Amino acid sequence: MDEDQKNHLKAYGLAYWSIKQNTEVSWLLNYRGGSFLIKYAKPIEDECKTRGVSYQVITDAKVTALLNEISNPGVNMEMVKLEKAPKIAVYSPKSKLPWDDAVTLVLTYAEIPYDVLYDDEVLKDKLTGYDWLHLHHEDFTGQYGRFWSAFRNASWYRDDVANQEAAAKRNGFKKVSEMKLAVAKRISEFCAGGGFLFAMCSGTDSFDIALSAEGVDICERMFDGDPADPNAQSKLNFKKTFAFRDFKLDLNPANYEFSDIDVTQTRTLVQSNDFFTLFDFSAKWDIVPTMLTQNHEKVIKGFMGQTTAFRKSLVKPEITVLGENKGAEEVRYLHGDFGKGQFTFYGGHDPEDYQHAVGDPPTDLSLHPNSPGYRLILNNILFPAAKKKPQKT
C-alpha cells in the first residue's frame, strides 16, 4: 500500500471481499503504507488481477521474517487481524439531489457493499442491523442545508422541502427540525451502543448543533413557519455534542453557514497552499488512530465543502485530532469515543474536487485510484473489522 500500489482504493475493496470469504486478513500498520497480508488462495489472486490491485506472493519464511520485524518493540509497526466485515449503512435521501457524496462514490468504486437508509428507517430502528453508519452531506438542524438564499426557487430545493415535510408528518412530527433532532438522537444511541459513525462536510457540525439545541428553536420562519428563539445561543447544551463545544450559532438564514465551527468563510488559504498533515501515532499503543491515518502520503491536499474544516479552539479537549493545518488552526480530521462506540468527522466535501459546487458532475475515481484523501475514508470502513485488543493505556 505504498507508492508501488497501482490502485489503493480497489485494494480496500479486495481486503473487504477477502474477509467476507472467511479468509485470514491482517492489516500491517505502518508497513509499506499500511499493507494487507492475506492468506494465499488462487481465487484471491485472481480477484487482485481482475480489480487491478498490485500484490506480491511471498513464502511462509518471508511472512515469518516480516512478522518478526513488525513485532520488534523498537519499530513503529503493528499487525492487526481483520475478523469481520462490517455491515455498512449510508444515511442519505432516496431522491436525487444536485450533489454527490464522497463516501458512496468510493464505496461503489472499491466494490464495498452498503445499504441506503434515511429518516423513516432510522426512526424505525433499522440501524440496529448495522455496524457502521455514514452521514452524507446533511443538515440535521432542519434548515434544508441553508440553501434557501441561493436556491429557494430551484425545483430540486422545493422538492426536497416537500419530501422532508411529508416525512416529518408521516412520522408524527410537526416540524422537519423536530424529526431531524429525533433522527440525530437515534444515531447517537446507535453510536453509544457500540456503533461506528463517520460523517463528512455538513453532516458533522450540523449533527452536533442539532443535539446541542434540543428543545430550542434555531430555525427562522422560512424553514419552519415561526421565528427562531432570540435567546437560542444561551440555551445550547454542549454536554450533548460529540466533538464541539462553545460554538456560536449563525442565525442569519441568508448565510450559507450554521455556526463558527466551520472556518470556510474566515480562512485565508487558497488551493495552492491548502494542505493538512496527518499525525504520527504509536502503532503498538494507539492502534485506532494509527489505523485511521494509514496512508502512502502524510501531507494531504485540502478540499472545500459547506463545512470545510473545524475551528481548533472549538474541538473538545478529549477528541483525538488525526489531521490538521497547524498554521491555520484548522482541524480537518478527528476521532472520538461516544459511549461504547466511536466516531470520525472529516471536513470537506470531495477529496479530489477542491471546490465542488452544487450541480457539478461526480468525481470519476478511476482517474484518482491512488487518492490519499479518499484513502482516509476507507480506513474508517475497515477499522471496525479489527480484532479488539485490551487497551494498553
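Guide: A word on charges to begin: Lys and Arg count as positive and Asp and Glu as negative, while His and the chain ends are not counted. Each charge is placed at NZ of Lys, CZ of Arg, CG of Asp or CD of Glu. With that, the 47 positive and 54 negative charges of the protein chain have mean positions 4 Å apart. Please keep in mind that this is a predicted model, where local features need pLDDT of at least 70, side-chain atom pairs count only at pLDDT 80 or more, and totals for chains, interfaces and linings use all residues. Residues are numbered from 1 along each chain as its sequence is written, and side-chain values use heavy atoms, with hydrogens and water left out.

Visitor: What makes the protein chain as compact as a globular protein of its length?
Guide: The protein chain has twelve helices and 13 strands, which are DSSP runs (helices H or I, at least four residues; strands E, at least two), numbered from the N terminus. Its radius of gyration is 21 Å, close to the 21 Å from the globule rule for 393 residues, so the chain is as compact as a globular protein of that length. The radius is taken over C-alpha atoms, and the rule is 2.2 Å times the number of residues to the power 0.38.

Visitor: Which label does V116 get, and why?
Guide: V116 has a relative accessible area of 33%, so V116 is partly exposed. V116 lies in strand β5 (residues 115-117). Leaving aside residues up to four places away in sequence, V116 touches V90, S92 and K94; contact means heavy atoms within 4.5 Å.

Visitor: What makes helix α12 enclosed?
Guide: Eleven of the eleven residues of α12 (residues 372-382) are buried, so the helix is largely enclosed by the rest of the structure. Among them are P372, Y374 and L382.

Technical notes:
Buried < 20%, exposed > 50% of the residue type's maximum accessible area, 1.4 Å probe, protein only.
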